[in-house]
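Biologist: I would like to go through this model with you. Take the labels one at a time and tell me what stands behind each.

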Amino acid sequence: MTKPTSATLADVALVASDIRRAALSVRVRKVAVFDFSSDASGRALLDGLVSSPAPQCSGGRWIDFCAPDATKGVALMILADALGVDPTRAAVFGDGENDRSLFAKAGYRFAVAGAHPALMVEATHVVADASHGGVLDGLDAIVQAKESRGAAEGFAIG
């Protein structure tokens with residue numbers, strides 16, 4: 001894949017309507033755009049875009065254009081239904097704005113340190129960031145609680 005040199009997030013704003021139209025016309029589930037040319041935040045561009053599918057900043061210079069039914073929350077509901085489990089018994093981990101739909105459906109919501117502020121509020125647990133083993137600590141706490149109590153209720157992290 002050739003790394004673009006002249007395209008920027010500002011350029012994406014010029015073609016955002018074309019991206020939305022293409023995504024809707026061919027049932028594309030997601031278009032992800034990355035700005036290779038600067039360290040500008042994708043959030044700044046999103047503040048000026050109103051669209052369907054709605055764009056989301058999935059971290060730093062990434063912008064995702066997703067179909068309304070192509071969210072992590074919808075995916076969790078489909079998976080839970082296929083497995084015959086209650087999604088409120090699911091444990092999920094997230095760090096970005098694009099994880100909010102997932103947090104809305106799951107019962108155990110782990111935000112990693114430095115996560116999007118909305119996730120920190122919605123989280124039932126906060127763990128260290130991935131580079132410091134936060135996800136592993138969360139999973140370990142769930143497994144230990146299950147082994148000691150037969151359920152993951154009231155587990156402790158740390």
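Biologist: What makes the contact between the side chains of Arg-100 and Glu-122 a salt bridge?

Modeller: The N to O distance is 2.6 Å. A salt bridge is a side-chain nitrogen of Lys or Arg within 4 Å of a carboxyl oxygen of Asp or Glu. Therefore the pair of Arg-100 and Glu-122 qualifies. One caution: this is a predicted model, where local features need pLDDT of at least 70, side-chain atom pairs need pLDDT 80 or more, and totals for chains, interfaces and linings use all residues. Residues are numbered from 1 along each chain as its sequence is written, and side-chain values use heavy atoms, with hydrogens and water left out.

Biologist: Which parts does the pair of Arg-100 and Glu-122 tie together?

Modeller: Arg-100 lies in helix 4 and Glu-122 in helix 5 (residues 117–122), so the pair joins parts 22 residues apart in sequence. Helices (H or I, at least four residues) and strands (E, at least two) are DSSP runs, numbered from the N terminus.

Biologist: How many salt bridges are there by this rule?

Modeller: The count is 2. Lys-72 forms one with Asp-99, with the closest N and O atoms 2.6 Å apart. Lys-72 sits in helix 3, and Asp-99 in the loop between strand 4 and helix 4, 27 residues apart.

Biologist: Why is Asp-99 called buried?

Modeller: Its relative accessibility is 3%. Buried means under 20% relative accessible area, exposed over 50%, partly exposed in between (1.4 Å probe, protein chains only). So Asp-99 is buried. Lys-72, at 36%, is partly exposed. Arg-100 is partly exposed at 36%, and Glu-122 is partly exposed at 24%.

Biologist: What is the class of Leu-119 in helix 5?

Modeller: Leu-119 has 0% relative accessibility, so it counts as buried. Its C-alpha atom is 7.6 Å from that of Phe-103, 16 residues apart along the chain.

Biologist: And why is Leu-83 called exposed?

Modeller: Leu-83 has a relative accessible area of 58%, so it passes the cut-off for exposed. Leu-83 is found in helix 3.

Biologist: What makes the nonpolar surface patch?

Modeller: Leu-79, Leu-83 and Val-85 make it, with about 290 Å². Patches take residues with over 30% relative accessible area and no salt bridge; like charges are joined within 9 Å, nonpolar side chains (Val, Leu, Ile, Met, Phe, Trp, Tyr) within 5 Å. The areas come from the Shrake-Rupley method with a 1.4 Å probe, and for residues only the protein chains shown count as cover.

Biologist: How do you know that strand 4 and strand 5 pair?

Modeller: Two strands pair if DSSP finds at least two bridges between them. Strand 4 and strand 5 (residues 108–112) have 4 bridges, in the parallel sense, so they pair. Gly-94 has Ala-111 in strand 5 as its bridge partner.

Biologist: What is the hand of the crossover from strand 4 to strand 5?

Modeller: The β-α-β path runs through helix 4 (residues 100–105) and is right-handed. The term means that, with the strands pointing away from the viewer, the path from the first strand over the helix to the second runs clockwise.

Biologist: Which side chains of strand 4 (residues 91–94) are buried?

Modeller: Val-92 and Gly-94 point to one face and are buried.
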